[in-house]
Amino acid sequence: MVRRARGEPFVPQTYHPGLVVLSCLIAVWASYDALRLAGRTSVADVSARPIWLIAGALAMGIAIWSMHFVAMLALHLPVPVSYSVPVGALSVVVAVGLSAVAFTLASRDVSGGRALVAGAVAGVAISGMHFTAMAAMRLAAAVRFDPSLVALAVAIAIVVSGAALRLAFGMRRGTSGRGPWLQAGPALLMGGAIVGMHYTAMAAAHFTPAPAAGLSSARLVTATPELAITVTLGTAAMLAMAELGVIISRREAQVREGEQRFRLLVNEVQDYAIFMLDPAGRVVSWNAGAERLKAYRAEEILGEHYSRFYLPEDVAQGKPERQLQIAATQGRAEDEGWRLRRDGSRFRAHVVITAVHDAAGALVGFTKVTRDVTELRQTEAELAQYRGQLQALAARIESAQEEERSRIAREIHDELGQALTILKLDLGWLRANLPRRPAVSRRIRAMDEILDRTLDALRRLAADLRPTVLDQLGLSAGIRSFARDFEARTGVRTRVNVAAPDIRLDRDLATTAYRIFQEALTNVARHAGARRVDIALHASPEEISLEVRDDGRGISEQELASPGSLGLLGMRERARSQGGDVLITGTPGRGTIVRATLPRRAQVRIAG
Ligand SMILES: Nc1ncnc2c1ncn2[C@@H]1O[C@H](COP(=O)(O)OP(=O)(O)OP(=O)(O)O)[C@@H](O)[C@H]1O
Ligand SMILES: [Mg+2]
C-alpha cells in the first residue's frame, strides 16, 4: 500500500499488511477488555469501583498505545525511525489518564449528550496519544499535517468512541450479565474508533526529507520487527491477565451474591429464630425472628452463651451442654420446653439444634432453629380438655338414660305387673264363683289369655329397658341369651365364643358392652343380609373385647363415614364414655366386623 502526499516532495509510505491487521486486532481485543474491566463498576462494591475504572483505563490506554506502535512499525519509511522513550511514555500517560476520565463519565451516565462528552474525552485520549506519539518519532524527515484530514480523524475518534461508550455502559445498566457476544459490538466500535483515527491521521501526515535532529540521544529505541513482536506479546499477556481478573471477579461476585441472598433470606424470617452457635455454644449470628422471639438485639447477644435462654433449673441440670453434646454426636438434637425471653418471661419453644461441620469433618458450630409453640400447645391443651369434658358429659347422659330406663322398668314391673297379676287372681276367683254358663266361661278364658299376653309383653319391655340378666347372671349370659333370641327370631345362625366365662364387670361397663352388642346385632338383622354371625367376648385383666362378625354384604366406607349413621355413632360414643373405642370394618360381599375394646378400670380419658 503506498500513499502519496499531494504536490510536495515526499517520503513514500508503505505498510506491512500483516502488521496492519495485527494492529486492528490489538485495537479490538484491547477495547473489549478495557470495556469489560470498566464495566465491572456497575456490579462491583462502591469501594472497588475506582480500581475497575483504573484497570479499564490502563487497558484502554495500552490498547491505543500498542495499536499505534504496531501500526507505526507496519509503516515502512525509506529512512530509519527511532522513538524518544520519554515522549513515548508521555503518550501512554495521556492515553491512560484521559481514558480514565472518559470511563468515569460514562460509568455515571451515558444518556443524551453525556455520551458525547464522554466520547469527546475518549476521542481526545485517542488523538492526544496519537499526536504525542508522533512527536516521539525521530527520523530524517519532516512531518506536515493536512488540517482537514486531522479534523476528520479527531471527529471519527470522538463520534465512534462515544457510540461505543454509550452502547457499552447503556447496555450494562439495562441488563447485567449478558454474554460476551453482546459485548463484541461496543468493542468493535471502540477498536474502530482507534484504528479509524490512526489511519486517517496517518493519511493526513506528509513526510518530507529533512536533516535528522537529535538522533544521537541515548533515550531512543529503534523500530525493528523484534520490537513489534515484543510489544504485541507484552500487550497480549497484559490483556490475558486482565481477562483472568474479570473472570475471577465475576465468580467471586456470584458467590458473594449467593451468600448475600441466603443471608437476607435467613435474616428476614420472622416466625423462626434462626441463629448459629460456635462449638462452645456462643451465639455468632442472629436473625429478625430471633430478635422478635427472644427480644435481644443482635449486638446484645452476639458472643453470649446460649444457655441464657434456658430456665435456671435447666441450666443447673446441664441441659444446654447436653443438647449440644447430643447434636455433636448424633447430628441433631430436638427439644421442646420452656425458654426465657430477655425480660425473663417464659415461652414454650420447639427447638432443633443441628451440628455444622466443615469439609474436613471438623465441628465448626451449630445452627439453632426455635419456634414459639406456646399458643399451639395452649390450644391443644384446651382442645383436650373440651374433649374430656364432652366424653364426661356423654358418660353422664348415658348413665342418666340407663337410670331412667331402670326406673321405668321398675315401675312397669312393680305397678303394672302387680296390677295385672291381681287382675289375673281376681279373674280366677270369678271363674270359680260365677254360674257356669258357656258364654261367661268363654269370656273369662279370652280375658285370661289377653292378660297372659300383656304380662308377657310387659316382661319383655322391662327386660329391654333394664336387662336384669346382666345383674343376675353377668355379661356373657346376657349376650348368650340375646343371641339365642336373635337366632330364633331371624333364622341367622349365631355362634357365641366366650373366652372368660366368669368375668365380673362393673355394672356400667357391662351395660355399655351389652348395648353396643345389641346395636351391632340389630344392624346385622336389618342391613347385612347375613347367614351367620360369630360373636366373641374376651376379657383380660386390663380390658374386654367384643367382636361381632357377620358374613353379609359388608358395610361401605361411605356408610361408615356418614354423619347420619346415628347407630354407629352411638356405639362409638358409648365406648368412648368408658375410655374405649369401637372399630368397624367392612369388606364388600364378605361381611362386616364390629370390634369394641373397653378398659376394665373404666375411666374417662381426659388428656388427648
Ligand atoms: N352389619 C352391617 N352390614 C351392612 N351394612 C351395615 C351394617 N351395619 C350398618 N350398616 C349400614 O350402615 C348404616 C348405618 O348404620 P346405623 O346403625 O348407624 O343406622 P341404622 O341402623 O340405619 O339406623 P339406627 O339409627 O336405627 O341404628 C346402615 O343404614 C346400613 O346401611
Ligand atoms: Mg343401627
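Is Ile-503 buried or partly exposed? Ile-503 has 18 C-beta neighbours inside 10 Å, so it counts as partly exposed. The scale runs as follows: a residue is buried with 20 or more other C-beta atoms within 10 Å of its own, exposed with 12 or fewer, and partly exposed in between, with C-beta atoms placed from the backbone. The model is predicted; local features need pLDDT of at least 70, side-chain atom pairs count only at pLDDT 80 or more, and totals for chains, interfaces and linings use all residues. Residues are numbered from 1 along each chain as its sequence is written, while chains are lettered from A and ligands numbered from 1 in the order in which they are written.

The protein chain holds 18 helices and 17 strands. Its radius of gyration is 53 Å, well over the 25 Å that the globule rule gives for 608 residues, so the chain is more spread out than a compact globule. That radius is taken over C-alpha atoms, and the rule is 2.2 Å times the number of residues to the power 0.38. Helices (H or I, at least four residues) and strands (E, at least two) are DSSP runs, numbered from the N terminus. The C-alpha trace spans about 180 × 60 × 40 Å along its principal axes. Of the 608 residues, 31% are buried. Contacts require C-beta atoms, placed from the backbone, within 7 Å. Among contacts between residues at least 6 apart in sequence, 72% join residues at least 24 apart.

Four domains are assigned: domain 1 (2–258), domain 2 (270–372), domain 3 (378–466) and domain 4 (469–608). These bounds come from an automatic or database domain assignment. Between domain 2 and domain 3, the C-alpha centres lie 70 Å apart.

The largest nonpolar core has 74 residues. Such a core is a set of buried Ala, Val, Leu, Ile, Met, Phe, Trp, Tyr and Cys residues joined through C-beta atoms within 7 Å. Ala-59, Ala-63, Ile-64, Ala-102, Ala-193 and Ile-194 touch the most other members. At least two residues each come from α1 (17–39), α2 (49–74), α3 (85–108), α4 (114–135), α5 (147–174), α6 (180–204), β7 (205–209) and α7 (225–268). The most come from α2, with 18 residues. Another core, of 31 residues, lies apart from it and includes Ile-535, Ala-539, Val-582 and Leu-598.

Several residues illustrate the packing in detail. Neighbours within four places in sequence are left aside for Ile-64, which is in contact with Ala-95, Ala-125, Ile-126, Met-129 and Ile-194. Ala-27 sits in helix α1. It counts as buried, with 29 C-beta neighbours inside 10 Å. Beyond four places in sequence, Ala-27 is in contact with Ala-63, Met-67, Gly-191, Ile-194 and Val-195. Ala-27 and Leu-265 are 238 residues apart along the chain, and their C-alpha atoms are separated by 45 Å. Ser-66 belongs to helix α2. Ser-66 is also buried, with 24 other C-beta atoms within 10 Å. Not counting residues up to four places away, Ser-66 touches Ile-26, Ala-30, Val-231 and Thr-235. A separation of 98 Å divides the C-alpha atoms of Ser-66 and Arg-553, 487 residues apart along the chain.

Loop residues were examined next. Ala-295 lies in the loop between α8 (288–294) and α9 (298–301). Its phi is near 65°, a positive value in a residue other than glycine. Ala-295 counts as partly exposed, with 14 C-beta neighbours inside 10 Å. Arg-341 lies in the loop between β10 (332–340) and β11 (346–357). Arg-341 is likewise partly exposed, with 14 C-beta neighbours inside 10 Å. Outside four places in sequence, Arg-341 is in contact with Lys-294, Ala-295 and Phe-347. Arg-341 and Arg-308 are 33 residues apart in sequence and 9.0 Å apart in space, C-alpha to C-alpha. Ile-503 occupies the loop between β13 (493–498) and α16. Not counting residues up to four places away, Ile-503 touches Gly-474, Leu-475, Ser-476, Ala-539 and Ile-544.

Ligand 1 has 15 residues around it, and Asn-523, His-527, Ala-528, Ser-565 and Gly-567 come nearest. A residue is near a molecule if its C-beta atom, placed from the backbone, lies within 6 Å of it. Two or more shell residues each come from α16 (507–528) and α18 (566–577). The most come from α16, with five residues. By class, the shell has five nonpolar, six polar and four charged residues. Here Ala, Val, Leu, Ile, Met, Phe, Trp, Tyr, Cys and Pro count as nonpolar, Asp, Glu, Lys and Arg as charged, and the others, Gly among them, as polar.

Key. Contact = placed C-beta atoms within 7 Å.
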